[in-house]
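Trainee: Could you take me through one part of this model in detail, namely the nonpolar core and the helices that line up against it?

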Amino acid sequence: MSKIACKYLTSPQDQEDAVQDAMLAVARNIKKLQDPYSNEVRIYVTKVIKCAAVEILRENNRHAHIAPTDDLRDDGQNIAQEVAAENIYDQLIAFINTLPSQYVDPLTFFIVLELSPQEIATALGRSVHTVRTQLRRGQQLIRKKFDEVLKL
C-alpha cells in the first residue's frame, strides 16, 4: 500500500496518512472481503489507497498559497471559472462524505477515480445493479443538497 501512496504523494507524512485512511476504509468493509488473496480484494485495496492519496492531494492543494499576481494569467474570466469549479468540486466531495455510508464509496470511486460501475462493483464486492442503484440514489441526494444550498 505504501508503494502506491509513494506514486501519488511526496511527503512521507502524507503517504502514511493515505495508508492509514485506506486501512480504515478496508476495515469498514472487512466483512465483505472473503478471500484476502483474490484479485477483487487487490483491486479494491488499490482503488482505496489511490482514493485516499487523491483526497490528500486535493486537501494539500486547497491549502496551497495563492500565487503572486505576476504569475497570474491576464484572462480573469478563466481564473474565476477555475476557482468556481474547484469550489463546487470541494462542496461535492463534502456532500458525498455526509451521505449514508452505502453511497460514499461508490460515489467517491465514480466521481474522484472515474471508475465504471463494473469496476466499482468488482472493487466493493457488490453487484453492478446495486452499484448503479447506489450511484443514482446518491446523485439524487447530492442534487437535493445542492438545491438547498443554492436556495440560500
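Predicted model: local features only at pLDDT ≥ 70, side-chain atom pairs only at ≥ 80, totals over all residues.

Mentor: A residue is called exposed when its relative accessible area is over 50%, and buried when that value is under 20%. Helix H2 runs over residues 12-28, and its 17 residues reach 24 Å from the first C-alpha to the last, close to the 24 Å expected at 1.5 Å a residue. Buried in H2 are Asp-14, Gln-15, Ala-18, Ala-22, Ala-25 and Val-26; because these residues cover an arc of only 110° around the axis, they lie on the same side of H2. Gln-13, Glu-16, Leu-24 and Arg-28, by contrast, are exposed on the other side of H2.

Turning to the core itself, the largest nonpolar core holds 36 residues, of which Ala-18, Tyr-44 and Phe-109 touch the most other members. At least two residues of this core come from each of the helices H1, H2, H3, H4, H5, H6 and H7, and H3 gives the most, with nine. Tyr-44, once its neighbours within four places in sequence are left aside, is in contact with Ala-25, Val-26, Asn-29, Leu-33, Asp-105, Phe-109, Ala-123 and Leu-124.

Ala-123 and Leu-124 lead on to H6, where they are buried together with Pro-117, Ile-120 and Ala-121. Just after H6, Gly-125 takes a positive phi of about 70°.

Note on methods: Residues numbered from 1 in each chain as written. Heavy atoms only, no water. Core = buried A, V, L, I, M, F, W, Y, C linked by side-chain atoms within 4.5 Å. Buried < 20%, exposed > 50% of the residue type's maximum accessible area, 1.4 Å probe, protein only. Helix = DSSP H or I, 4+ residues; strand = E, 2+ residues; numbered from the N terminus. Contact = heavy atoms within 4.5 Å. Expected span 1.5 Å × (residues − 1). Arc of directions from axis to C-beta.
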